[in-house]
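Reader: I would like to learn how to read a structure model feature by feature. Could you take me through one, giving the general idea before each case?

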Amino acid sequence: MLKKVLVQVHVLPFMEEEQVEEMNNEAGARVEIKDLDTGLDHELTLRMWTGSRCYVLNDNWRESFVRRRKLNAGDEIWMYWDRYNLCFFFTVRGRLLNFSGNGNSSL
């Protein structure tokens, strides 16, 4: 989920007019997301989720990013809209440490 105000300030003003129009209907707009860590490109749909007043990335977010990159709750990701390349850039900035196991972990 992406906060509505952040998308309205940092993404929509720099999108092509056609993409913004698509954002205003239920279909959403196809956007490219470049994974800076792996060099892979993905295409997902960015749309307004009216019930929560935020934007969401659909069409394989879970498979393309969460599962493939083994993301967990608490991991820090970073995304920004590149207004020159008209795409999002994505990277994993930090991972939540998990010390599960036999209980013998120490710092």
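**Reading the model from its start**

Author: Met1 lies in the segment before β1, where helices (H or I, at least four residues) and strands (E, at least two) are DSSP runs, numbered from the N terminus. This is a predicted model, in which local features need pLDDT of at least 70 and side-chain atom pairs count only at pLDDT 80 or more, while totals for chains, interfaces and linings use all residues. Residues are numbered from 1 along each chain as its sequence is written, and side-chain values use heavy atoms, with hydrogens and water left out.

Reader: Is Met1 buried or exposed, and with which residues is Met1 in contact, leaving aside its neighbours within four places in sequence?

Author: Buried means under 20% relative accessible area, exposed means over 50%, and partly exposed is in between, using a 1.4 Å probe and protein chains only. Met1 counts as exposed because its relative accessibility is 68%. Contact means heavy atoms within 4.5 Å, and, with neighbours within four places in sequence left aside, Met1 is in contact with Trp49, Ser52, Cys54, Tyr55 and Val56. Met1 and Asn58 are 57 residues apart in sequence, yet their C-alpha atoms are 9.9 Å apart in space.

Reader: How should I read the sheet, and in which order do its six strands come?

Author: Two strands pair if DSSP finds at least two bridges between them. Here an open sheet of six strands, with mixed pairing, runs in the order β1-β4-β3-β2-β6-β5. Its edge strands are β1 (2-3) and β5, each of which pairs on one side only. The pairing of β1 with β4 is antiparallel and has two bridges, and Lys3 has Cys54 as its bridge partner in β4. The pairing of β3 with β4 is also antiparallel, over five bridges; within β4, Val56 stands opposite Arg47 and Asn58 stands opposite Thr45.

Reader: What is found between β3 and β4 in their hairpin, and how many residues of β4 are buried?

Author: The hairpin has four residues between the two strands, and Arg53 takes a positive phi near 55 degrees there. As for β4, four of its five residues are buried, so the strand is mostly covered. When you look along any strand, keep in mind that in a regular strand the side chains alternate between the two faces of the sheet.

Reader: Which residues touch the most other members in the largest nonpolar core?

Author: A nonpolar core is a set of buried Ala, Val, Leu, Ile, Met, Phe, Trp, Tyr and Cys residues joined through side-chain atoms within 4.5 Å. The largest one has 18 residues, of which Met15, Met23, Val31, Ile33, Leu46 and Phe88 touch the most other members. At least two residues of this core come from each of β2 (29-35), β3 (41-49), β4 (54-58) and β6 (87-94). If residues up to four places away in sequence are not counted, Met23 touches Leu12, Met15, Gly28, Ala29, Leu46, Arg47, Met48 and Tyr55.

Reader: How many aromatic pairs does a search of the whole structure find?

Author: Rings of Phe, Tyr and Trp (its six-membered ring) pair if their centres lie within 6.5 Å; planes under 30 degrees apart count as stacked, over 60 as edge-to-face and the rest as tilted. The search finds six such pairs. One of them, Trp78 with Tyr80, is tilted, at 5.0 Å centre to centre and 50 degrees between the planes. Tyr80 and Phe89 form a stacked pair, with 5.4 Å between centres and 25 degrees between planes. Tyr80 counts as partly exposed because its relative accessibility is 34%, whereas Phe89 counts as buried at 11%. Trp61, Phe65 and Phe90 form one aromatic cluster.

Reader: Over which ring does the charged end of Arg93 sit?

Author: A charge sits over a ring if NZ of Lys or CZ of Arg is within 6 Å of the ring centre and within 35 degrees of the ring normal. The charged end of Arg93 sits over the ring of Trp78, 5.6 Å from its centre. Arg93 is placed in strand β6 and counts as exposed because its relative accessibility is 55%. Leaving aside neighbours within four places in sequence, Arg93 is in contact with Glu76, Ile77 and Trp78.
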